[in-house]
Amino acid sequence: MRNPATPGAVGELAELVLPWLPPQDLGAAASACRALRAAASTVTAGRAADAAHGLEPLPIPFDNLVDCKPYAYFLYTPFSLTPSAANPRAQPWGCTWARPPGPSWPRSDLGGFPSAGCACPQGACGGARCPCADADAEAVGSEAEAEAGMGSLTECGDGCACGPSCGNRRTQLGVTVRLRVVRHREKGWGLHAAEVLRRGQFVCEYAGELLTTEEARKRQRLYDELASVGKLSPALIVIREHLPSGKACLRVNIDATKVGNVARFINHSCDGGNLHPVLVRSSGSLLPRLCLFAARDINEGEELTFSYGDARLRPKGLPCFCGSLCCSGILPSEET
């Protein structure tokens, strides 16, 4: 039996334990001995190589030529979760034994009506006779839709007879385009295209914790305080969907600050940016999802941005560094 104090045994144990540690604890472990320092360095390199924690079809690396931060630490989810489903305080990241990515379908955490959906045969979804078909699907990302504001789209859901390979689930297979998280001197981290993106192409969902309005307001007050002194970069977004009656509005609060996906790195642009936000509703789901599509052709290396909303000038508003000609100088603030 191998002595647990030998370097080989320490390295094997470190490979199992260190990926679960947050950066501060990982740094403390690295200072203990040479074997742990080497293991911690491997974990750090693995984290910097993939912001998606191995949970997306393609790795999404960090790129930092500004300072010494190799990555930003957070818990990853490919799709939005209720807080009860996002309870784990740790997640293995930077290891070689993490599970391979699977499709982000089905999404039972969003709730809904499992019996609702189409009964189309495989490969026939989205046609004229499919109840889940959206007549405006081809217009997603078009110039006309972008000018009209936030778009909408309907897709097959969990209650449909088709599977995850259905062509009417274009936003449900995770991030299938190459992206990169780049460090900026003023803005912090930002998400960039690592390949050419065509107008109307799906980029990613804005995923995080789904909050009640009460919890969103509570967190926003705390986030504002921490952000004002540079201790936090919040990623809480509020979506308002006007219902057909015109007399009511559905509010969805998504917080990707601690639990989210790569969309948490997308910065605001006062000119609307190059991404078009679209509310996607899957058959049988109670809540829509916020998905981001290319609003125009996007070059490789170009930063991805969208508008967080209308800027409301506040004495303590956070500065905006988008650099657009119409920049207000202040980031939009949500009156939660």
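A: Pro277 stands opposite Leu292 in strand E12. The two strands concerned are E11 (residues 275-282) and E12 (residues 289-294), which run antiparallel and are joined by six bridges. A strand here is a DSSP run of E with at least two residues, a helix is a run of H or I with at least four, and the numbering starts from the N terminus. Two strands pair if DSSP finds at least two bridges between them. Strands of a sheet pair through backbone hydrogen bonds, either parallel or antiparallel.

The model is predicted, and for this reason local features need pLDDT of at least 70 and side-chain atom pairs pLDDT 80 or more, while totals for chains, interfaces and linings use all residues. Residues are numbered from 1 along each chain as its sequence is written, and side-chain values use heavy atoms, without hydrogens and water.

E11 and E12 belong to an open sheet of four strands, in the order E3-E11-E12-E6, with mixed pairing. At the edges stand E3 (151-155) and E6 (202-205); each has a single partner strand, so one side of each is left without a neighbour in the sheet. From one strand to the next, the twist averages 35 degrees. Such angles are taken between N-to-C directions and run from 0 to 180 degrees, with axes as lines fitted to C-alpha atoms (for helices, over the stretch in contact).

Next come the charged side chains. Side chains of opposite charge can pair when their charged atoms come close. A salt bridge is counted where a side-chain nitrogen of Lys or Arg is within 4 Å of a carboxyl oxygen of Asp or Glu, and this rule gives nine salt bridges. One of them joins Arg289 to Glu155, with 3.4 Å between the closest N and O atoms. This pair links distant parts of the chain, 134 residues apart: Arg289 is in E12 and Glu155 in E3. Arg289 has a relative accessibility of 3% and counts as buried; Glu155, at 1%, is buried too. Buried means under 20% relative accessible area, exposed means over 50%, and partly exposed is in between (1.4 Å probe, protein chains only).

Arg289 also forms a salt bridge with Glu205, where the closest N and O atoms are 3.0 Å apart. Glu205 lies in E6 and Arg289 in E12, so this pair ties together parts that are 84 residues apart in sequence. Both Arg289 and Glu205 are buried.

Rolling a probe the size of a water molecule over the atoms shows where empty space is left. On a 1 Å grid over the protein atoms alone, a cavity is a set of points where a 1.4 Å probe fits but cannot get out, and lining residues have an atom within 4 Å of a point. Ten residues line the second largest cavity, and Ser80, Leu210, Ile254, Pro288 and Arg289 lie nearest its centre. E12 and strand E9 (249-260) each supply at least two residues of this lining. The lining divides into seven nonpolar, one polar and two charged residues. In this division Ala, Val, Leu, Ile, Met, Phe, Trp, Tyr, Cys and Pro are nonpolar, Asp, Glu, Lys and Arg are charged, and the others, Gly among them, are polar.

Glu303, in the loop between E12 and E13, and Lys187, in the loop between E4 (179-184) and E5 (188-193), are 116 residues apart. Their side chains meet in a salt bridge of 2.5 Å, N to O. Lys187 is partly exposed at 24% relative accessibility, whereas Glu303 is buried at 13%. E4 and E5 form a hairpin with three residues between them, and they pair in the antiparallel sense over six bridges. Val182 has Gly190 in E5 as its bridge partner. Val182 of E4 is also the bridge partner of Asp63. E1 (residues 62-63) runs parallel to E4, joined by two bridges. Five of the six residues of E4 are buried, so E4 is largely enclosed by the rest of the structure.

Terms used: 1 Å grid on protein atoms, 1.4 Å probe; cavity = no way out; pocket = protein on both sides within 12 Å on 5 of 7 lines; lining within 4 Å.
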